[in-house]
Amino acid sequence: MSQQLPLNPFLIEGYQGDAYFCDREAETSSLISALDNGRNITLISPRRMGKTGLIHHAFNRITRDNPDAHCFYIDIFHTDSLRQLVQVMAKAILGSLDTKVERVMTKVVATLKSLRPMLDTDPITGLPSLGFDIRSGEEQHSLRELFDYLRTSGQRCYVAIDEFQQIMQYPETGVEALLRSYVQFLPNVNFIFSGSRKHLMQEMFTSASRPFYQSTQTLTLKEIAPEAYLDFAQGHFQKKGCTLAPDAFQYIYNTLCGHTWYIQYWLNRLYATAASEATQLDARKTLQEILKEEDDNFYTYFSTRTRQQQRVLTAIAQEGEESNPQSTQFLRKYHLPAASTVRSCIKSLVENDFVLDNRGSYSVYNRFFMLWLRYRASL
């Protein structure tokens with residue numbers, strides 16, 4: 001069965017092939033080259049910058065060139081223990097290495113003694129779904145069996161573990177060292193460790209005291225070049241019989257600081273309503289609609305912060321990006337409290353993903369929320 005084409009080419013979730021993926025040629029080549037040559041990768045980027053799409057894009061290229069390769073994408077963002085990590089990995093890997101669930105279960109029963117397979121029904125597709133339970137106290141043993149399963153398969157495998165920094169939040173001690181001890185002895189398997197918490201990922205992979213120290217090649221994902229993005233966007237608008245004005249795209253790109261997902265969302269909305277031409281005025285109207293729709297959500301989101309944090313957050317939003325938020329000039333301009341209080345506020349805002357820390361330069365993480373804050377401050 002042929003893949004159904006999307007009605008709107010500006011995807012805001014999922015991956016549907018090369019035609020709907022913008023640029024990232026250098027990053028894709030670098031990632032594939034590392035994996036093909038036996039080097040594991042640490043992929044770091046803020047959330048919604050496109051790292052998940054890049055992983056799927058690279059995997060699509062890999063399996064196209066080598067149909068016998070097995071690629072596994074595993075998102076562990078919602079895991080909170082070693083037990084859940086093993087369950088998520090087992091479901092993704094063991095359920096995909098063989099197309100027949102019954103044969104997978106037979107293999108698991110024979111080789112993975114501490115994992116109990118469970119046959120469920122997928123609530124969406126109605127098809128058989130394989131899950132796993134772990135015997136109490138057997139989490140580490142189950143993880144070893146899972147990696148042994150990969151190793152003894154002899155098949156070429158690529159495993160991407162997204163939001164890898166999550167393992168630092170697990171209550172169990174020594175998870176990093178445990179994973180490292182297994183990863184280094186899998187000659188037929190290479191890994192992508194991707195994460196959005198830059199300072200945590202860097203600590204894990206660049207600190208000499210950590211198990212994964214200098215064990216990977218690092219790839220930091222940045223903004224897509226505006227020229228490449230404009231060509232991509234105009235090409236899709238043209239297929240609709242519509243012209244995307246360059247100044248309209250530039251307004252979108254600059255307003256959102258090149259942050260991929262937010263650009264995609266804005267273009268998605270603009271594409272849906274555009275007729276013969278999408279102008280900068282059309283882009284502005286689309287933004288007004290987006291912010292109006294999000295008003296209640298953003299107000300609730302904003303209300304979860306303390307009064308002092310709200311003031312700091314609003315000030316950073318108005319600046320767009322601030323590299324010295326504790327300076328006298330910044331404090332006076334926005335009538336903020338003492339530098340020590342601002343420092344404490346920023347620490348909390350960064351930890352809770354309200355503010356992005358890019359090498360000591362701070363900006364509001366959610367770009368539409370940033371614009372909402374600016375509008376609110378202008379009233």
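Mentor: Angles under 35 degrees count as roughly parallel, over 145 as roughly antiparallel, 65 to 115 as roughly perpendicular and the rest as oblique. Axes are lines fitted to C-alpha atoms, for helices over the stretch in contact, and angles run from 0 to 180 degrees between N-to-C directions. This is a predicted model, in which local features need pLDDT of at least 70 and side-chain atom pairs count only at pLDDT 80 or more, while totals for chains, interfaces and linings use all residues. Residues are numbered from 1 along each chain as its sequence is written, and side-chain values use heavy atoms, with hydrogens and water left out.

Trainee: At roughly what angle do the axes of α13 and α16 cross?

Mentor: Two packed helices are described by the angle between their axes and the distance between the axes. Helices (H or I, at least four residues) and strands (E, at least two) are DSSP runs, numbered from the N terminus. The axes of α13 (residues 307–319) and α16 (residues 367–378) cross at roughly 100° and come within 8 Å. The two helices are therefore roughly perpendicular to each other.

Trainee: Which strands does β1 join by bridges?

Mentor: Two strands pair if DSSP finds at least two bridges between them. Strand β1 (residues 41–44) runs parallel to β6 (residues 189–195), with four bridges, and parallel to β7 (residues 217–220), also with four bridges. Leu43 stands opposite Ser194 in β6 and opposite Leu219 in β7.

Methods: Buried < 20%, exposed > 50% of the residue type's maximum accessible area, 1.4 Å probe, protein only.
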